[in-house]
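Subject: Structure for you to look at

Hello,

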Amino acid sequence: MSMQTGRNSISRRRFLAGSTAVAGALAMPRIAGAQAAAVRIGLIHPVSGFVAYNGQQGRLGAVMAIDEVNQAGGIRALGGAKLEALLGDSQSKVEVGVSEVEKMNEAGVAAYVGCFQSPVGIAATQAAAKYGTPFVIDVGASDALVSRGLTNVFRLKPGFGRCVDDAIATLGELNKAAGSPAKSVVLVHESGEFGTGTAKLLAGKLPSIGLEAKELIAHDNPTRNFDNVALKIRALRADIVMMSNYQNEYVLLAKTLLQQKVNVAAMFSVLGGGFNYKFVREQPDVAEFMLDHNHWFNPKSTKAQALKKAVEAKGGLFTFEVYLAYNAVMLIADALERAGSADKAKLTAALAASTWTPEIMPYGPTRFVNGQNQGGQGATLQALKGDIEVVRPEAFASAAAVFPRPKA
Amino acid sequence: MSARAATAALLAAALVYPLLFFGDGAWLVRSNYAIDVGMLALFAAFLGQSWNVAGGFAGLTSFGHVLFFGTGAYCSTILHVGHGVNPWFGWVAATTAGAALGAAVGHLTFRVGLRGSYFALITLAFAETFRVLANSVGFTRGGLGILIPLDQRAAALQFHDPIWFYYLALALCASGLAIAWWLTRSRFGTYLAAIRENEDAARALGIDVVRQKVRCLALSGAMAAAGGTFYAQKYLYIDPSIAFGVDRSVEMLLVAMIGGAGTVFGPLVGAGAVVALGEATRALSDARGLGLILYGLLLVAIVGFLPNGLVGLVRAARRDA
């Protein structure tokens, strides 16, 4: 082999450099081959349709969690396997949600996260159950999601029943502490499962804290005018308005009550779809003193504050969909670490036995009973001076509650 | 190829299609997703055919056909969940209820001479009324909806393997095609065509216009109601928005119009196009709704430039050839 120097010959230095490069290139596939295969997570949210904003927020939170896990080195128990998001749009349609489950199953998902709307979640979890694929509900209020005996379904956040019980206890406590100025309530709710279910549960429990449910007023989605509802509430002379509706109707109802000068001791919602930073910052006068019992992050958690900043740096708002979806993915990541496998049965078992503590939430350690986490709880929030403050539970409170609201 | 041979080929293809994708012995590749898409297309075709029987063959343009769909879904579901009636019998009851409701709506509207846009609006009003009622009355559980217990046995009209829902949808679709074909050959169908083209002339010829229209709406209502039960048993949950939501009425109407209203194969062709388009554009969902925009634009283009639907386009091409 010639190694002579010359115009068309190869110098020793160039030969060494070249051979090193070739050897490196040949070795690359071996290194790449040694890298663990990515674990696919199917994210099914309604990113188009009438609840598109909520769906997009859910997707944002889940994708941020996946990025965070990957940047931290992936799933260590799986040799640093990365998480890979498969994005699905349910379009708010049950059949499309199921179709996404089928499609993602063929793409080899290890677990699903979704679906925001309970009807879509009910059908999608059933479809996933056929394959034994774990399905973590990020948002979905209906208790039917976790009461059908499907062993593959998990919900980290508290359900209807727990939220309503906690909200009622807080409202009773606030009213009692103020000398019981409120005696009666009107409930305004959207006519779907979420609004109807919440309103009926609330109405049944109000007498236990000395409040009378004067009337339940249902409205459609979408509703463009609440003038008549406001006038009816004024005529009923209710002390508290309780509302259970989605974003647009929530905001419109609150605005209409203010415009129509309906003076009440409190506007209180449970899982109020519109009680978020967008509403409170864009319409601080309307939102001021409104109370909501909802899924909320722990304001004292530095990790939660860092995540909030990261979301806001992206131009987004730190709404409940974001951190609930974020937690759903983190729960799966933790289960993957403990299972040491992306095998569906092992992952399901690891999820069922989870004791993971979602640091950014006011939750204790996870404990699933029939797929429902018993360690989760909501927080009672109040809009104060253009911001959202946690007023209950006391351990996580960032401000004192104002009840009853000052007369306009 | 004759129409009969084309139909036989189409039926054979539909029968074979899921075998390409089903189970470990799949002829092509195992894919429940492909079977699911096929099922959705056949189901949409059947619902579109139910609209076509009234809107296409008799000119009874309805904007609220979901009225019958929802009635069927609620009827079998309430009978099953509330009273323990086997869903197979519930399906028969639901179909009968759909026919009865079709006859009742027809009797109420046609007797007083409502037609055209007035009939379209009254059907929309009926559907909305039923949606509000379903939200309000106790036996439908209002907005909470009704969850059908999971019991994946054929005896409970539930199946573990998607192929059986596919074949059930195929059976529905084939029965819809048979009904449409019968309308092109029967005296009843001729009456309907006469009514559609000129109602006054039909009456002058001695046709009992109200009676024939009522019969037609009853037939169409029965079909849509049967579709409602199929949906409920497949997805195991219904609520007022799912059962009586206006978007499903629009879907039924669009499928028939895109394929070709008043033709036997129009709804099938339209459903194939709509479902394929929907699945293709959904692949663009990363663009947040771009898929839906594209889908909408294509629908506008088809409806705007192909007044006789895709079947009309094929016929024109054949004439030119």
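Below is what I found, starting with confidence, then the place where the chains meet, and finally a single residue.

Please keep in mind that this is a predicted model, for which the scores are ipTM 0.86 and pTM 0.84. In chain B the mean pLDDT is 91, with 97% of the residues reaching 70 or more. Within chain B, the lowest confidence belongs to helix H13 (residues 290-305), where the mean is 75, while the highest belongs to helix H3 (residues 66-83), at 98.

Where the two chains meet, 28 residues of chain A are in contact with 26 residues of chain B. On the chain A side, at least two residues each come from helix H2 (52-71), strand S2 (83-89), helix H3 (94-106), helix H4 (118-129) and helix H6 (193-205). Of these, H3(A) gives the most, with 8 residues. Sorted by class, the side of chain A that touches chain B holds 10 nonpolar, 10 polar and 8 charged residues.

The residue I would like to point out is Ser341(A), which sits in the loop between helix H12 (320-339) and helix H13 (344-352) of chain A. Ser341(A) counts as partly exposed because 16 other C-beta atoms lie within 10 Å, a number between the 12 or fewer of an exposed residue and the 20 or more of a buried one. Although Ser341(A) and Val39(A) are 302 residues apart along the chain, their C-alpha atoms are separated by 9.6 Å.

With best wishes

Definitions and conventions:
Residues are numbered from 1 along each chain as its sequence is written. Chains are lettered from A and ligands numbered from 1 in the order in which they are written. This is a predicted model: local features need pLDDT of at least 70, side-chain atom pairs count only at pLDDT 80 or more; totals for chains, interfaces and linings use all residues. Helices (H or I, at least four residues) and strands (E, at least two) are DSSP runs, numbered from the N terminus. Two residues are in contact if their C-beta atoms, placed from the backbone, lie within 7 Å. Ala, Val, Leu, Ile, Met, Phe, Trp, Tyr, Cys and Pro count as nonpolar, Asp, Glu, Lys and Arg as charged, and the others, Gly among them, as polar. pLDDT is the predictor's confidence in each residue, from 0 to 100.
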